[in-house]
Amino acid sequence: NIDAFVAYEQYEMNYDLISAQRSVFLSDQIPYLFFGGTQNELNNGSAGQFAYRNMFGRIAYNYKEKYLAEFTMRRDESVKFSPDKRVGYFPGVSAGWRMSEENFIKDRFPFISNLKLRGSWGHSGSDAVGDFQYLATYVLGQGYAFGSQAQTFPSISPSSVPNPFITWEIANNSNIGFDGDLWDGLLGFELDYFVSGRSNILAQRNGSVPSYTGLVLPSENIGKTINKGIEILIRHRNRIGRDFSYDISGNFTFVRNKILFRDEAANIPDYQRQAGHSIVSYLLYEANGIFETQDQLDKTNAKYPGARVGDIIYLDQNADGKIDSKDKVMVNENPTPQIIYGLSIGLHYRGFSINSLLQGQARAKVMVNPMTRNGNLNIPLWMYDDRWTIDNTDATMPRAFNNRSETVNELPSTFWLRNASFLRLKTLEISYLIPHSPLANLGISQLRIYANGFNLFTVDKMQGDYDPEMNSSLGVYYPQTKIYNLGVNL
């Protein structure tokens, strides 16, 4: 039985030092166990509620498997938004034309098995945001002590400013594609071009409203981004004679995204603005080599405070004669690759099979700066092997330093960006399926012996043992594991 309460205490001191105390308790106003006092602090309980209401509809049209069309409509309702903002209507339309079913294609191009032109557009919504941001919510505080035994009770206080106008985040997705199969499946392809524009993205105006105002701002539907790209898939399969067959399939994707609007401070220079750059671009100092000699250091006007010979040189972007945070630039490179690709190959001869998968990525950069790992002094050996010393002034790495007291070389800069392109043999399997006839008398219907491996080798431009697929800003990531298997399927 928990008493959740609002308490008022008044202390009065009279001439005879006689104290009077008055407390008023309003019981059962917050009927959850977590709001109890320390006397029952091991008790706990909570409650919550959530609801969706959705309706879906579809109309499809198909004429002789030649002309295809479909219209869809969603009506979504989420309690994450205020009652007059909860409902969203999200239509979509797609159409296809199987050109290979037309007589002028069949009669003139008999080698075309399938040829299809298709397009689609969809308007979709997302409520993947914090719950009940349109309400004034409260959080528990450290609490106060009341009563003769000084029992502690929690307190509550406002957590943020509500925004009753927030609503669905929106994505407008468009796609046009072309599919084909030629020569009875000898060659197949799929080509796609897509555009995805996102708007109403919930974000706070922390850029244009200074933090010294002390305001805890609500989220607003203000963000805008766009993604554009192409996807290509080409496949080929063939049989040579009775015993040998093979299949090859390759895919290639190129995607580029850009921030169209994000709330930013009005006084930041254009070269530091995120709008116009990729979504996860780096804000970095631009490096320009290493101070090789004392004379070079002395003749350099703008240098980071405390810079010594052997340290990284940073460019003075605003030409004010010093290196500080105003010299960082937005670099339109990030760990998310713009290009991904793969190649699958299968070779089959009688009972023998070889299957492999190669995968890779390109146009990606990762930040490999291990000196910033929570003060950890462990640094890869390759960074020390060619470090600057008096006897090695044309080194590729800065001098040795103590990253607990020196910060010049561990600043986030283009010096530590590494090309994360790679080609990896993801899987390789060799197997043999023993013919059925020798095993029939043993009651065995199938026996297959195989050996396979995963992550067998990688071709990349990373140094040391860093995994180019790590997608990490500090170079801290558990590497891919090589796995070898021998097995029997009986």
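Author: Let's start with the nonpolar patch: β4 (67–78) and β5 (87–98) each supply at least two of its residues. Keep in mind that we're looking at a predicted model.

Reader: Okay, which residues make the nonpolar surface patch?

Author: Reading a patch means asking who is in it and where they sit. Here Ile59, Phe71, Met73, Val87, Tyr89, Val93 and Trp121 make up about 630 Å² of nonpolar surface. The largest share, 3 residues, comes from β5.

Reader: Take Val93, then. Is it buried, partly exposed or exposed?

Author: Val93 is found in strand β5. Its relative accessibility is 41%, so Val93 counts as partly exposed.

Reader: Now the charged side chains. How many salt bridges are there?

Author: First the idea: side chains of opposite charge can pair when their charged atoms come close. For this model the count comes to 22 salt bridges, taking a cut-off of 4 Å between nitrogen and carboxyl oxygen. One of them joins Glu70 to Arg58, with the closest N and O atoms 3.8 Å apart. Glu70 lies in strand β4 and Arg58 in strand β3 (residues 52–63), so this pair ties together parts that are 12 residues apart in sequence.

Reader: And how exposed is Glu70, and how exposed is Arg58?

Author: Glu70 has 27% relative accessibility and counts as partly exposed, while Arg58, at 63%, counts as exposed.

Reader: Which residue does Lys80 pair with?

Author: Lys80 forms a salt bridge with Asp131, and the closest N and O atoms are 3.6 Å apart. That pair links distant parts of the chain: Lys80 is in the loop between β4 and β5, Asp131 in the loop between β6 (112–126) and β7 (138–140), and they are 51 residues apart. As for burial, Lys80 counts as buried at 10% relative accessibility, whereas Asp131 is partly exposed at 44%.

Reader: What does Glu101 meet in a salt bridge?

Author: The partner of Glu101 is Lys106, at 3.6 Å from N to O. Glu101 is partly exposed, with a relative accessible area of 23%, and Lys106 is partly exposed too, with 43%. Salt bridges can also share partners, and that is how Arg53, Arg75 and Glu77 are joined into one network.

Reader: On to the strands. In which sense do β11 and β12 pair?

Author: With paired strands, look at the direction, then the bridges, then the turn. Strand β11 (residues 169–182) and strand β12 (residues 187–203) are antiparallel, over 13 bridges. Gly180 stands opposite Phe189 in β12. The two strands form a hairpin with 4 residues between them, and Trp183 in the turn has a positive phi of about 55 degrees.

Reader: What pairs with β12 besides that?

Author: Strand β13 (residues 220–240) pairs with β12, again in the antiparallel sense, over 15 bridges. Within β13, His236 is the bridge partner of Leu187.

Reader: Which residues does Phe252 contact beyond its sequence neighbours?

Author: Phe252 sits in strand β14 (residues 244–261), and beyond four places in sequence it is in contact with Ile230, Glu231, Ile232, Ile339, Ile340 and Tyr341. Phe252 counts as partly exposed, at 32% relative accessibility. Its C-alpha is 9.1 Å from that of Leu343, 91 residues apart in sequence.

Reader: Where is Ser245, and what does it touch?

Author: Ser245 is in strand β14. Residues up to four places away aside, Ser245 touches Asn238, Arg239, Gly346, Leu347 and His348. Ser245 counts as buried, at 13% relative accessibility.

Key
Residues numbered from 1 in each chain as written. Predicted model: local features only at pLDDT ≥ 70, side-chain atom pairs only at ≥ 80, totals over all residues. Heavy atoms only, no water. Buried < 20%, exposed > 50% of the residue type's maximum accessible area, 1.4 Å probe, protein only. Contact = heavy atoms within 4.5 Å. Pairing = 2+ DSSP bridges. Patch = residues over 30% accessible without salt bridge, like charges linked within 9 Å, V, L, I, M, F, W, Y side chains within 5 Å. Areas by Shrake-Rupley, 256 points an atom, 1.4 Å probe, with all protein chains shown as cover.
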